[in-house]
Amino acid sequence: MRHVTTVIIGAGQSGLAMSKYLTDYSIDHVLLERGEVANSWQKERWDSLRLLTPNWQSRLPAYSYEGNDPDGYMSMPEVVDYLKRYADLTGAPVQSGTLVTRVLQVDGGYEVTTDQGSWRCRTVVIASGACNIAAVPALWAELPRSIVSMTPMEYRNPGQLPDGSVLVVGASATGVQLAREIHASGRDVILSAGEHVRLPRIYRGRDIKGWMDVIGAMDVRYDEVDDLDRARRLPSLQLIGTPERETIDLNSLRKLGVEIVGRLVGLRDGEAQFSGSLANYCVLADLKMNRLLSSIDAWISANGHDNRFDAPCRYEPTNLGPQTRLSMDLNDSSVKTVIWATGYRPDYSWLDVPVFVHKGRIRHDGGVVQAPGLYVMGLPFMRRRKSSFIDGAGDDAADLAAHLNRSLYRAAA
Amino acid sequence: MTIQAETRTVNNGVNVAALLGAREALDQAPEAAQFKWRATCEWVNGTHSRSIIGNFFGLGTEQSRENTFCVEADHPQVFAAEDNAPTPVELVLSGLASCLTAGIAAVAQRRGIQLYSVKATLEGDMDLQGILGIDNDVRNGFGVIRVHFDISADASDDDIKALVAQSQKRSAVFDIVTNPTNVVVTVN
């Protein structure tokens, strides 16, 4: 049994940012990492993926991008190198190849069991990410056996798919990117879309994620929003990072030849049923996009910058034609693969502390879990809108490290 | 991307505080959120029938009402019927309209938007070759339903469109008509 003040579970951007602050506080700690630094970026993403945020926006405490392409988007190998350099620079005490199998509350703290022995600590920071498991709807079980079923965790590139058409279920960042890439490989693609968030990649000459940062949208705190549950459940933005800085949305995919259908709501005897509610989700997405663009325009005007940027514009409303298809017989169609781009969820199967609310989520207040000395990081809108982005790890780590430090002092007093 | 809550007082006759309170309570006690809606229906004559709607189950217990309600249905004379009441499919249109309209009032109240008038006009296309069994490729139900809202309210055009969109997103009948539902029918 080894002893340490703080165990950080996971050595991605969240764990590394927290480690930096704990080092500054002289709090002894260890990062237990099942693989290597930036493991899920390295091993659990498809080949072509690039970050959805521009390079300059991958800021971490005392660290930022210094290359010659600040407006570009990092490929996965670049993200891994970037985070590994940060781990080296900060001297993060990473113990790699260490899988946490159980965290148990014990007198005065926690016992952390791993496949490399156990640790006793006073505080635990869960920084293992929000996307450990592909969330697949229950109707998955009804898929005909002749169809290959795949999650984005397993998908690497179109070359691994059988010949034939592909049904991509889900039109958030993952789904639209896979639909585009698989269609470009020469396959017919059907994309099933429910609620989604549409954005242009570039607005008035600048990156949309840059605008959201500049106008303060990414810094909005969890205790400032009207409906936090809804903000946390918001689907990921329809964005793609390409060297051409292209916009991806249902209009662009439809123009390429991807067939758009409504949310997959039923699978019976091999017949896939798609919701007739798609038109409304498109209206909701268009209105939401326009509200954001209006707030950007307002910020530009209020700061007297109207002449510095391209003129304001609005984009063509989402147009999916007169009627989208409501059903498809998978026994008798060219579809040979279904990809479930239906979201991700964290894996807490090893967390043996009674802190869960229904549906397996951890009850927490901005990352402060309702068990003394237990913290969580990197979840969507956890403390701020940017909490699940690389750029958000630093501010959250600063807040939570300060809280953790105070709790140690209080315990000592 | 947050919506600013407005402070001026609006009155659409919706008790939003009660609705929000219910939402919070039911989030803590999901079992109380399990409701059962009911109707009985008796054949009168020909295509004419009469439904009675009364008690329902919810909040963990049987809920009784002061009144029971009667809804009749029939078919028009072009179907060689007596036209005593609307057709069931017209009642579906009415149910959809009422559900969306109620939602618009509730969302408007929540967003601080005063409504002056809301009028929905609905039309559903049906190819009778379906129900008459002439062509198996034609479905029995509506091919498409069009809903048009005329709304006068103290809000911008986009804010009114957002009201209508949010109402669809949270509408039970909209969900019932746009998504499949398991229907279990038993006899005696």
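Author: One term before we start: two residues are in contact if their C-beta atoms, placed from the backbone, lie within 7 Å. Also keep in mind that this is a predicted model.

Reader: Got it. So which residues of H1(A) meet H3(A)?
Author: From H1(A) you have Gln13(A), Leu16(A), Ser19(A), Lys20(A) and Thr23(A), and they meet Leu83(A), Tyr86(A), Ala87(A) and Thr90(A) in H3(A). Sorted by class, that contact has 4 nonpolar, 4 polar and 1 charged residues.

Reader: And at what angle do H1 and H3 of chain A pack?
Author: About 15°, with the axes 10 Å apart; H1 covers residues 13-24 and H3 covers residues 76-90 of chain A. Angles under 35 degrees count as roughly parallel, so H1(A) is roughly parallel to H3(A).

Reader: Is the crossing left-handed or right-handed?
Author: Left-handed, for H1(A) passing H3(A).

Reader: OK, zooming out. What domains does chain A have?
Author: The domain assignment gives domain 1 as 2-132 + 346-412 and domain 2 as 136-340. Their C-alpha centres lie 28 Å apart.

Reader: How many residues does each domain of chain A give to the contact?
Author: Domain 1 of chain A gives 21 residues and domain 2 of chain A gives 24.

Reader: Let's do strands. What does E6(A) pair with?
Author: Take strand E1 (residues 2-9) of chain A: it pairs with E6 (residues 117-126) in the parallel sense, over 7 bridges. Within that pair, Arg2(A) stands opposite Trp119(A). Strand E5 (residues 109-114) of chain A runs antiparallel to E6(A), with 5 bridges, and Glu111(A) has Arg120(A) as its bridge partner. Then there is strand E26 (residues 374-376) of chain A, joined to E6(A) by 3 bridges and running parallel. There, Val125(A) is partnered with Tyr375(A).

Reader: How many residues link E5(A) to E6(A)?
Author: The hairpin joins them through 2 residues.

Reader: What holds strands like these together in general?
Author: Strands of a sheet pair through backbone hydrogen bonds, either parallel or antiparallel.

Reader: I also see an open sheet in chain A. What order do its strands come in?
Author: The order is E8-E19-E9-E10-E15, 5 strands in chain A with parallel pairing. E8 (148-150) and E15 (259-261) are at the edges with a single partner strand each, so one side of each has no neighbour in the sheet. On average, neighbouring strands are turned by 20° against each other, direction ignored.

Reader: How many bridges join E10(A) to E15(A)?
Author: There are 3 bridges between E15(A) and strand E10 (residues 189-192) of chain A, and the two run parallel. Leu191(A) is the residue opposite Ile260(A) there.

Reader: Which strands does helix H4 of chain A lie across?
Author: H4 (residues 173-184) of chain A lies across E9 (165-169), E10 and E19 (335-340), running at about 170° to E10(A).

Reader: Switching to chain B. What are its domains?
Author: Domain 1 is 35-85 and domain 2 is 87-181, going by the domain assignment of chain B. The C-alpha centres of these two lie 21 Å apart.

Reader: And how do H2(B) and H3(B) pack? What's the angle?
Author: About 120°, with axes 8 Å apart, between H2 (residues 88-110) and H3 (residues 157-169) of chain B. That makes H2(B) oblique to H3(B). Their crossing is right-handed.

Reader: Which residues make that contact?
Author: H2(B) brings Leu100(B), Gly103(B), Ile104(B), Val107(B) and Ala108(B), while H3(B) brings Leu163(B), Val164(B), Gln166(B), Ser167(B) and Gln168(B). By class, this contact of H2(B) with H3(B) has 6 nonpolar, 4 polar and no charged residues.

Reader: Last one. How many residues does each chain give where B touches A?
Author: Chain B gives 16 residues and chain A gives 20. On the chain B side, H3 and helix H4 (172-178) of chain B are the elements that give two or more residues. The largest share, 6 residues, comes from H3(B). The chain B side divides into 9 nonpolar, 4 polar and 3 charged residues.

How values were computed:
Residues numbered from 1 in each chain as written. Chains lettered and ligands numbered in written order. Predicted model: local features only at pLDDT ≥ 70, side-chain atom pairs only at ≥ 80, totals over all residues. Axes fitted to C-alpha atoms, helices over the stretch in contact; angles between N-to-C directions. Helix = DSSP H or I, 4+ residues; strand = E, 2+ residues; numbered from the N terminus. Parallel < 35°, antiparallel > 145°, perpendicular 65-115°, else oblique. Left-handed = near helix turned anticlockwise from the far one by under 90°. Nonpolar A, V, L, I, M, F, W, Y, C, P; charged D, E, K, R; others polar. Domains from an automatic or database assignment. Pairing = 2+ DSSP bridges.
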